[in-house]
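Subject: The structure for you to look at

Hi,

Here is the structure I promised you. Have a look at it first, then read on.

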Amino acid sequence: TNHLRHVESLTTLPSGAGKIFPLNAVILGEALASEEDDLIFSNKDFSNQAHVSSPQKYLEMYKRSIVDPAGFWSDIASQFYWKQRWDEHCVYSENLDVRNGDIKIQWFKGGVTNICYNALDMNIQAGLGDKTAFFWEGNDLGKGATLTFNQLLSKVCQFTLFAHAQLANYLKDIGVKKGDAVIIYLPMLMELPIAMLACARIGAVHSVVFAGFSSESLSQRIVDCKPKAVITCNAVRRGSKVLNLKDIVDSALVESTNNGVSIDVCLTYENQSAMTRETTKWQIDRDVWWQDIVSKYPTTCEVEWVDAEDPLFLLYTSGSTGKPKGVLHTTGGYMIYTATTFKYAFDYKPSDIYWCTADCGWITGHSYVTYGPLLNGSTVVLFEGAPNYPDSGRCWDIVDKYKVTLFYTAPTLFVNRYSRKSLRVLGSVGEPINPSAWRWFYNVVGDSRCPISDTWWQTETGGFMITPLPGAWPQKPGSATFPFFGVLPIIVDEKGNEIEGECSGYLCIKNSWPGAFRTLYGDHERYETTYFKPFPGYYFSGDGCSRDKDGYHWLTGRVDDVINVSGHRIGTAEVESALVSHPQCAEAAVVGVEHEVKGQGIYAFVTLVGGVHYSEELRKSLILSVRKQIGAFAAPDRIHWAPGLPKTRSGKIMRRILRKIASGQLNELGDTSTLAEPSVVDQLIALRDT
Ligand code: WTA
């Protein structure tokens, strides 16, 4: 009944200030958009062809998904291939309340399936064998390749057999089998999704590590999940640079051996455009060239049928403490959820060409480069390079070249140079998009023609949680709008009380959804503590959110110590621990500041050990220390030398004040009288511009 009330309130929400809109306006086909309410209506032709063509249709579907989740999701799941159907009496079971025992989420328990089989074999059986699955665009202009669904399946099968062959040939005792972890450290070559799908096909658990992470981060992840093999390539071209990935892996493997985890097989793809074999460092008993092995195997391979709740992958993500968390997703629910969210949030049609600029090293590349689109039989563009190489028009070049219709990216600035006539729907993720950036994206990139899907979600949620459905609702620039089917977002105050109507507070989710993560690998207690204990009864997202009078949701950013830099999620504690590992750094406090291009930039306050003087050289070496321990993408934009940090009398750093200093809001420092030494604030301000 509680749930029902929520739905009911939603249906009556859009009725502001005596006017009946937007709901009725859209239903009646009247344009009642007013400046003050900043509503952007999608054009009728778009709505008419959309999967969800009106707010009414959305509400009907949403309502059913909340009132009868089992029926709603079963109907969708029935369109997929299951070797054995799930237990009809228990489509899902959940406990999100720590007061009632262990947190537990299960969907389609007892169902037996395989996500790779659904993404490839099933689409081929449906006649898509000769359809292009991947358009691969290399870093350098003119370099590209394509794979049809048939070819992709062959490549995946050859590769899975490699994994089986290890059992027989290389790793007599420790062959890769169902349930084993495999680390994939690859750039955006087609081999990356191929390796992911191959793991999925044999029931192995992939853990992709973004190829921008340093050897120390990589080894930390290897030590945590103890993979049976590491898959990498020798090097990659990124913009005008060549990155030697194999060297990074080599040192990661030395380090993990020192920490008690040694790896017997390092399968290495020879990426000839970046580096030849001859110049690649090699350890004969451990390293294997992909090209020497994989192509020798047959191009068909049986699938390993797995339970819906068997793990599909681990993906490490940053939290508010230093240690990355291994977010674990299982098979059945994740499959249904990514496929369904992809279909509706992008209004996917078989003729679409889809490009997501994310790297498979992040969740977006898992759910919306690989699984979601392929499960729908979509053609996907994969891009190896950097969006600004050779110049900032590259993205639009790619859009025009492949006639991309669905374009999904993190909000960043581009130059208006190309036609982009092909575009149909634009998507954005990773950070709150401010209304002026929204308008730019809408007016300039989309020629005021394409709806924008500002998708709010997280590594933990597996798929979109709050997102516009193009053509359904009028949009408000900067709002992620309404929940996806089956999701009950709520806003709570500090005490964990649900607040209704127009409000702002902490964003929580009240129920489970099929794509939810099930645990943190090896640390179920941390899973409960981080996500379910702060507001008992609910999943806590870590984000702030407000809801306006029409029920639209506005994300306001993280409320914990996590920052989002160019769509990369970074824990401030990780950057701090990298800084203090520098022998001359005594203490560090890192905060996020608004950054025109990256969304958020990293601003680090550092105090030095006694007798050391701050210098340009030291600044560089502090930054280097972060690059080495985490990766270049986490390098601070600004180091602010601090003789002392503002602390309370009990020694807690007052980050609130640091955030204000970093963002130059010097008149809004608030009460500083509780500081142990209020004078440090003046010192810090004086040193701001040095
Ligand atoms: C942020 C990325 C505002 C948010 C898929 C979240 C967003 C974090 C949006 C998750 C959005 C993601 N508007 N903020 N549309 N989408 N975020 O795990 O702070 O890398 O908690 O997943 O990104 O980052 P993650």
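**Confidence**

This is a predicted model, where local features need pLDDT of at least 70, side-chain atom pairs count only at pLDDT 80 or more, and totals for chains, interfaces and linings use all residues. Residues are numbered from 1 along each chain as its sequence is written, and side-chain values use heavy atoms, with hydrogens and water left out.

Two stretches need care. Over residues 1–36 the pLDDT stays under 50, and the model has 62 contacts there beyond four places in sequence (contact means heavy atoms within 4.5 Å). Residues 167–174 are also below 50, with 14 contacts beyond near neighbours in sequence. Where pLDDT is low, the predicted coordinates should not be read in detail.

**The core**

A nonpolar core here is a set of buried Ala, Val, Leu, Ile, Met, Phe, Trp, Tyr and Cys residues joined through side-chain atoms within 4.5 Å. Buried means under 20% relative accessible area, exposed over 50%, and partly exposed in between (1.4 Å probe, protein chains only). The largest core has 171 residues, and the members touching the most others are Phe 108, Leu 152, Ile 184, Phe 485 and Leu 579. Helix α8 (residues 191–202) gives the largest share of this core, 9 residues. Helices (H or I, at least four residues) and strands (E, at least two) are DSSP runs, numbered from the N terminus. A second, separate core of 22 residues includes Trp 355, Trp 396, Trp 438 and Val 445.

Click on Phe 485: beyond its neighbours within four places in sequence, its contacts include Val 52, Trp 73, Tyr 337 and Leu 469. Then try Phe 108, in the loop between β2 and β3 (112–113). Phe 108 counts as buried because its relative accessibility is 0%. Its phi is near 60°, a positive value in a residue other than glycine.

**Strands to follow**

Two strands pair if DSSP finds at least two bridges between them. Strand β19 (residues 425–428) pairs with strand β18 (residues 406–409) in the parallel sense over 4 bridges, and Phe 407 stands opposite Leu 426. On to strand β20 (residues 452–454): 3 bridges join it to β19, again running parallel, and Gly 427 has Ser 453 as its bridge partner. Val 425 and Gly 427 point one way from β19, Leu 426 and Ser 428 the other way, and all are buried. In a regular strand the side chains alternate between the two faces of the sheet.

β26 pairs with strand β25 (residues 539–547) over 5 bridges, with Cys 545 and Leu 555 as bridge partners.

**Two loop residues**

Is Ser 448 buried, partly exposed or exposed? At 40% relative accessibility, Ser 448 is partly exposed. You will find it in the loop between α15 and β20. Ser 448 lies 405 residues from Asn 43 in sequence, but their C-alpha atoms are 9.8 Å apart in space.

Thr 459 sits in the loop between β20 and β21 (489–492) and is buried, at 9%. Not counting residues up to four places away in sequence, Thr 459 touches residues including Leu 315, His 329 and Arg 569.

The peptide bond from Tyr 389 to Pro 390 is cis, with omega near -5°. Pro 390 is in the loop between β17 (379–383) and α14 (394–402).

Send me your questions once you have had a look!

Technical notes
pLDDT is the predictor's confidence in each residue, from 0 to 100.
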